[in-house]
Amino acid sequence: MAKSLLVLGLIATTLVVVINAQSKDHEDFCGRFNGDCDDCLSASNDTLDQGGSCYYCKETSGGDKNQCLAIGFTLPIAATSDCPGLNYNIGTCTVPAIVFIVIIVIFVVIFFVFLITCCCICCCWCSRRRQRQREAEEEQYAQEKDAIRQKSANRKMDRRTKNDEIRKKYGLTDDTTGTYKRLE
């Protein structure tokens, strides 16, 4: 267990040293293109294992103007400590990076509004569909209940008719309204 932790620690340390060395090389590479925005943005450091590119800062936090700086390997966004005020260019010299950030935010907002709208429409549609199914089931249940009542009424009429025929056959017909007579 201790050996495996030692090996993992050595691997992690080696990776940190290599990445720091590569980022230092990357910063030195981008520093060669200070002064010209087009040269800075067209430069890419393919010699590094992870690749890399540069961004152009119009004024750094140190007061230096027109500096070419290295983009981190994780996100293509300039560090605010290097280039404050979002006054930098990535990809093109004509449009500042803040415009790209605003456009990305707008598209994300539009996407989520569209997604929420679709969810609401689907929920409403499903709700109406369930309501229509419930109404159809209730209608079907009412029709079945009416059919059962009708059959029951028909059977009752058939029994009454059959009983009347049996009474006639044996001469038990009585014109009185009730079927029971009081014994005196």
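**Figure 1. Surface and overall layout of the predicted chain.** Residues are numbered from 1 along each chain as its sequence is written, and side-chain values use heavy atoms, with hydrogens and water left out. Of the 184 residues in the protein chain, 15% count as buried (buried is under 20% relative accessible area, exposed over 50%, and partly exposed in between, with a 1.4 Å probe and protein chains only). Three helices and three strands are found in the chain, and their order along the sequence is α-α-β-β-β-α (helices, H or I with at least four residues, and strands, E with at least two, are DSSP runs numbered from the N terminus). Among contacts in the chain with a separation of 6 or more, 40% come from residues 24 or more positions apart (contact means heavy atoms within 4.5 Å).

**Figure 2. The largest nonpolar core.** Which residues make up the largest nonpolar core? Its 10 residues are F29, C30, C37, C40, L41, A43, C54, Y56, C68 and A70 (a nonpolar core is a set of buried Ala, Val, Leu, Ile, Met, Phe, Trp, Tyr and Cys residues joined through side-chain atoms within 4.5 Å). Two or more residues each come from α1 (2-31), α2 (37-42), β1 (54-59) and β2 (65-70). Helix α2 gives the most to this core, with three residues. Take a moment with C68: leaving aside its neighbours within four places in sequence, C68 is in contact with C30, G31, F33, N34, C40, C54 and Y55. A second, separate core has eight residues, including C83, Y88, I90 and A97.

Figure 3. I98, V99, V102, I103, I106, F107 and I110 together make a nonpolar surface patch of about 580 Å² (patches are made of residues with over 30% relative accessible area and no salt bridge, like charges being joined within 9 Å and nonpolar side chains, Val, Leu, Ile, Met, Phe, Trp and Tyr, within 5 Å). One of these residues, I110, is found in helix α3 (residues 97-169).

**Figure 4. An aromatic pair.** Searching the whole structure turns up one aromatic pair. The ring centres of F111 and F112 are 5.5 Å apart and their planes lie at 70°, so this pair is edge-to-face (rings of Phe, Tyr and Trp, its six-membered ring, pair if their centres lie within 6.5 Å; planes under 30 degrees apart count as stacked, over 60 as edge-to-face and the rest as tilted). F111 is partly exposed at 47% relative accessible area, and F112 is also partly exposed, at 45%.

Figure 5. How many salt bridges does the structure hold? There are two (a salt bridge is a side-chain nitrogen of Lys or Arg within 4 Å of a carboxyl oxygen of Asp or Glu). In one, the side chains of D146 and R149 meet with an N to O distance of 3.8 Å. D146 and R149 are three residues apart in helix α3, so about one helical turn separates them. D146 is partly exposed at 47%, whereas R149 is exposed at 51%. D164 forms a salt bridge with R167, where the closest N and O atoms are 2.9 Å apart. Because D164 and R167 are three residues apart in helix α3, they too are separated by about one helical turn. D164 is partly exposed at 36% relative accessibility, and R167 is partly exposed at 34%.

Note on methods
This is a predicted model: local features need pLDDT of at least 70, side-chain atom pairs count only at pLDDT 80 or more; totals for chains, interfaces and linings use all residues. Accessible areas come from the Shrake-Rupley method with a 1.4 Å probe; for residues, only the protein chains shown count as cover.
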